[in-house]
Amino acid sequence: MKNTNVIAVANQKGGVAKTTTVINVGAALVLKGYKVLLVDWDPQESLSNFLGIYGAKNNIGSAMYNVINKSDFDISEYIIFNEKNGVSVIPSELNTMNKLEKDLISVRSKETVLRKVIKKVIDLDEFDYIIIDCLASLNVMLDNALTACDNVLIPCQAAPISYAAVPNLLLQIEDIKDDLNENLKVLGIVATMCERSNNSKMTVSMLEENYPDLIFKSKIDRMATAANSAITEKACVLSNAKDNKVAIEYRALVDELIERV
Ligand SMILES: Nc1ncnc2c1ncn2[C@@H]1O[C@H](COP(=O)(O)OP(=O)(O)O)[C@@H](O)[C@H]1O
Ligand SMILES: [Mg+2]
């Protein structure tokens, strides 16, 4: 059996580079020879769209309904291999996910449904890493991701408003650890979209001072190449373009990350 590591990439703030981190960490792990599955756990479908998938019929939401309705199903029918990036993905779908978010409230053991889906993936014995791209919220959907994973990776945009979100997320992680997932671990905080501005530098210093054990040495700069990679549907780490500093930074982050898992 493979020792599958499940990592949730989470931050309740939108636009802090969760999805960008998921795709680049995933592709960098593939470059190192690991088998990687990405799970799009966001109704917005950003990760799925990045990989060229829109409105998938077999999506993580419909897999969740199979568990809720106790229907037998084959999880491999939900997994799509993406040639360009070398990763596999279970896509999201907006309508199913929005409905799921409401329906989950009245499901027994509502926080543990995604864990049951992920267990089916682990039982395939195919993947070294499963990376869950979380939605921007602290709701029951996030609880599901925190209950299904072993580790949480927190991208924090190097901006004061983003820094302010971290304590609440850490509290929620502690709650889930106490109640539902005792082995849950915070892998670390990665500062993203770092700039030369004073605000950006100040935020990074605050992270280093207040979370010395959590902050990764590797930081991710704000570079247009990162945003443009969505157009080519290719992770930055797969391009050797000279101006692509983000690729080097994400590869360094993955070296640190492997040490910590
Ligand atoms: N290092 C970076 N430099 C410049 N733009 C970035 C960088 N990382 C992410 N972005 C852009 O910022 C926006 C938000 O990133 P995204 O990964 O979608 O965040 P989230 O998933 O947290 O909402 C996207 O348009 C993305 O292309
Ligand atoms: Mg996202």
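Predicted model: local features only at pLDDT ≥ 70, side-chain atom pairs only at ≥ 80, totals over all residues.
## A quick tour of the model

Residues are numbered from 1 along each chain as its sequence is written, chains are lettered from A and ligands numbered from 1 in the order in which they are written, and side-chain values use heavy atoms, with hydrogens and water left out.

**Threonine 21**

- You'll find threonine 21 in helix α1 (helices are DSSP runs of H or I with at least four residues, numbered from the N terminus).
- Its side chain makes a 2.8 Å polar contact with the side chain of tyrosine 250 (a pair of N or O atoms within 3.5 Å; within protein, one must be able to donate a hydrogen and the other to accept it, and residues adjacent in sequence count only if both atoms are side-chain atoms).

**Around ligand 1**

- Ligand 1 has 14 residues around it, and the closest are Gly15, Thr19, Thr20, Asp221 and Met223 (a residue is near if one of its heavy atoms lies within 4 Å).
- Oxygen atoms of ligand 1 lie 2.7 Å from a backbone N or O atom of glycine 15 and 2.9 Å from one of lysine 18.
- On the nitrogen side, an atom of ligand 1 is 2.8 Å from a polar backbone atom of aspartate 221.
- The largest share, three residues, comes from α1.
- Sorted by type, the shell has seven nonpolar, four polar and three charged residues (Ala, Val, Leu, Ile, Met, Phe, Trp, Tyr, Cys and Pro are nonpolar, Asp, Glu, Lys and Arg charged, and the others, Gly among them, polar).

**Helix α6**

- Nine of the nine residues of α6 (residues 140–148) are buried, so this helix is largely enclosed by the rest of the structure.
- Among those buried residues are Val140, Asp143 and Ala148.
- Where α6 starts, a side-chain oxygen of asparagine 139 comes within 3.0 Å of the backbone nitrogen of methionine 141.

**Alanine 165**

- Alanine 165 sits in the loop between α7 (160–163) and α8 (166–179).
- This alanine 165 is buried too, with a relative accessible area of 8%.
- Its C-alpha atom is 27 Å from that of isoleucine 248, which is 83 residues away along the chain.

Notes:
Helix = DSSP H or I, 4+ residues; strand = E, 2+ residues; numbered from the N terminus. Buried < 20%, exposed > 50% of the residue type's maximum accessible area, 1.4 Å probe, protein only.
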